[in-house]
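Subject: Structure for you to look at

Hi,

Here is the structure I said I'd pass on.

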Amino acid sequence: MSLSILSALSEDLLVRVYECLDPPCRKTWRLVSKEFHRVDSLSRTSIRILRVEFLHTLLSKYPNISTLDLSVCPKLDDDVVSRLALDDTVSTSRLKSLNLSRATAVRARGLETLARLCHALERVDVSHCWGFGDREAAALSVAAGIRELKMDKCLSLSDVGLARIVLGCSNLNKISLKWCMEISDLGIDLLCKKCKDLTSLDVSYLKITNDSIRSIALLPKLEVLDMVSCPLIDDDGLQYLENGSPSLQEIDVTRCDRVTLSSLVSIIRGHPELQHLKASHCVSEISVSFLQNIKALKHLKTLWIDGARVSDSSLLTLTSSCRALTDIGVSRCVDVSDIGMMGLARNCSNLKALNLACCGFVTDAAISAVTQSCLNLESLQLESCHLITEKGLQSLGCYSKRLQELDLTDCDGVNDRGLEYISKCSNLLRLKLGLCANISDKGVFHIGSKCSKLLELDLYRCAGFGDDGLAALSRGCKSLNRLILSYCGELTDTGVEQIRQLEHLSHLELRGLKNITGAGLAAIARGCKKLVYLDLKLCENIDDSGFWALAYFSRNLRQINLCNCSVSDTALCMLMSNLSRVQDVDLVHLNRVTVEGFEFALRACCNRLKKLKLLAPLRFLLSSELLEVLHARGCRIRWD
């Protein structure tokens, strides 16, 4: 493209072109010319920063950033944030969304600085920051404009901290408190009294009682309520919702052991506009009363009743009443058979997701009926459905052209011919074949040659799968970003070396592959530069040459499992020093590593580790200074 043509294009036109490009194309776009690069700098609104040393430069370069993700920035701490505040070239005035998930070294001082610096802040994620407590909550409450807040697994947060958030950020409309185990009824009551505009609330796994549900029922705008595995909530609590929370559209009471059908019926009676009802593993069986009342839910799209006793007649009645269903979960419903599934297929032709895991009486006839009637099917879970054979998979391949996700884990009837039929689902993105003992390289070849869009593949313990099959996958499924090959005992370096062709691979599990050596690992490291997660547990024959290559090439690794590996002191120190983004490491049963080796290796990465697994005796052998530094940086150590 000549300079004259470039100069004729207005900035507005260039911005419009830029907005039509996907992320990879935008990266190429900004390399074309200085003008294109300038448009990229001005138009970009979101960024995910991987290395803290680039934080100031990138924020200065992109002045219009509204979404900032620092969740994978390992060295982020209060000092970095303080320096950011002193830099006049950095503007955060437009920042609306901030992701600090797992940023365990950012404490109260840093959070208060960020809250004062980012005046337009509306969405914040501090989930899995185990050191986030009441002081940090008080600091964050300075950002009064926050509307969405995610605090999952902030284990140190109590009612006091939640109160500071509630009083400071009264405009909250979405909040997630999942696994915040110190939160009680007192905190939930104050939240509901002060934040009347809440539309989404997640209190999953909290030990709250019925008193909290009574408070929640007073929220006039609440649309989504998640309360998975709340052990103290029972029918008396859910009764409050019958005449409360008038805007409720979605509720999840999965694994609430004290909840029965009677309370679900009361919720249904009080909310005829309910669209999503998730009640997996909390009801024993479907009653007549439930079937009669659910007829009123004409707009119901999602129904999860996994683990309940559901007869074929009940399933027929249910699906004939709720024809708008697009997502049904009946896994582990032992009485479900072909008759019920055929009725479901007739009544719910708009079905997009179906979970039949562990439904032992479902056969090929049911699968054929579903695939022929539900042409929009996108997700099908068939784990441990042992009566499914190649005949059912043939129907799947013929009719389910929109299928994106298929789980056939532990399906004895899946064989090579079945995989040939499955390969006709050319839009498949995720495929699980773990524990399928009757598949071989021949079947996997079909997947590799026809499922070019595949993103995730699970071949856990597929004993008949070997090097030739892996080579076919590596050639044909270039988009794979997640690959599980654990305990595929036939694999050797010859096959594993082919993985280097998968340039987009970010998650790789090779656990228990005793035939691969340093040569195989080195080939992977050289080719798969985007690896983020790597599991090498029990890969006992990988020598230091493989780990040296990993240290040199795999600079994006954030999580690695080296348990029972033959790594030496020197190689471990090099790994932990060079892998500048590593945050989660398992280092159990490393017989060639001495105490001094562990000490030097951990000192090399102690300022970025967030999770660490070690043998318990090392607690008394490592220096107290090192352990104190790890704790101060927010690293959680699991002593095995």
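Lys-514 and Glu-540 join their side chains in a salt bridge, at 3.4 Å from N to O (a salt bridge being a side-chain nitrogen of Lys or Arg within 4 Å of a carboxyl oxygen of Asp or Glu). Lys-514 sits in the loop between β19 (507-509) and α23 (518-527), and Glu-540 in the loop between β20 (533-535) and α24 (544-553), so this pair ties together parts that are 26 residues apart in sequence. (Helices are DSSP runs of H or I with at least four residues, strands are runs of E with at least two, and both are numbered from the N terminus.) Lys-514 is partly exposed because its relative accessibility is 41%, and Glu-540 is partly exposed at 37%. For the cut-offs: buried means under 20% relative accessible area, exposed means over 50%, and partly exposed is in between, with a 1.4 Å probe and protein chains only.

Before you read on, bear in mind that this is a predicted model, with local features needing pLDDT of at least 70 and side-chain atom pairs counting only at pLDDT 80 or more, while totals for chains, interfaces and linings use all residues. Residues are numbered from 1 along each chain as its sequence is written, and side-chain values use heavy atoms, with hydrogens and water left out.

More on salt bridges

Searching the whole structure gives 20 salt bridges. One of them pairs Glu-250 with Lys-278, at 3.4 Å from N to O. Glu-250 belongs to strand β9 and Lys-278 to strand β10 (residues 276-278), so the pair ties together parts that are 28 residues apart in sequence. Both partners are covered: Glu-250 is buried with a relative accessible area of 17%, and Lys-278 is buried at 14%.

Another bridge runs between Glu-405 and Arg-430, whose closest N and O atoms are 4.0 Å apart. Here again strands are involved: Glu-405 is in β15 (residues 405-407) and Arg-430 in β16 (residues 430-432), so parts 25 residues apart in sequence are tied together. Glu-405 is partly exposed, at 24% relative accessible area, and Arg-430 is partly exposed too, at 26%.

Buried places

Which parts cover the buried residues of α21? Among them are α20 (441-450), β17 (456-458), β18 (482-484) and α22 (493-496). Helix α21 itself spans residues 467-476, and seven of its 10 residues are buried. Those are Asp-467, Gly-469, Leu-470, Ala-471, Ala-472, Leu-473 and Ser-474.

Beyond its neighbours within four places in sequence, Leu-248 is in contact (heavy atoms within 4.5 Å) with Leu-222, Glu-223, Val-224, Leu-225, His-271 and Leu-274. Leu-222 is 26 residues away from Leu-248 in sequence, but the two C-alpha atoms are 5.6 Å apart in space.

Then there is Ser-212, in helix α11. Ser-212 counts as buried because its relative accessibility is 0%. Leaving out residues up to four places away in sequence, Ser-212 touches Asp-185 and Ile-188.

Backbone and surface

Tyr-205 is not a glycine, yet its phi is positive, at about 70°. Tyr-205 is in the loop between β7 (200-202) and α11 (210-216), and it is partly exposed, with a relative accessible area of 26%. Cys-358 also has a positive phi without being a glycine, near 65°; its place is the loop between β13 (353-355) and α17 (364-373).

(Patch residues have over 30% relative accessible area and no salt bridge, and like charges are joined within 9 Å.) Arg-638 lies in strand β24 (residues 636-639) and counts as exposed because its relative accessibility is 53%.

Cheers
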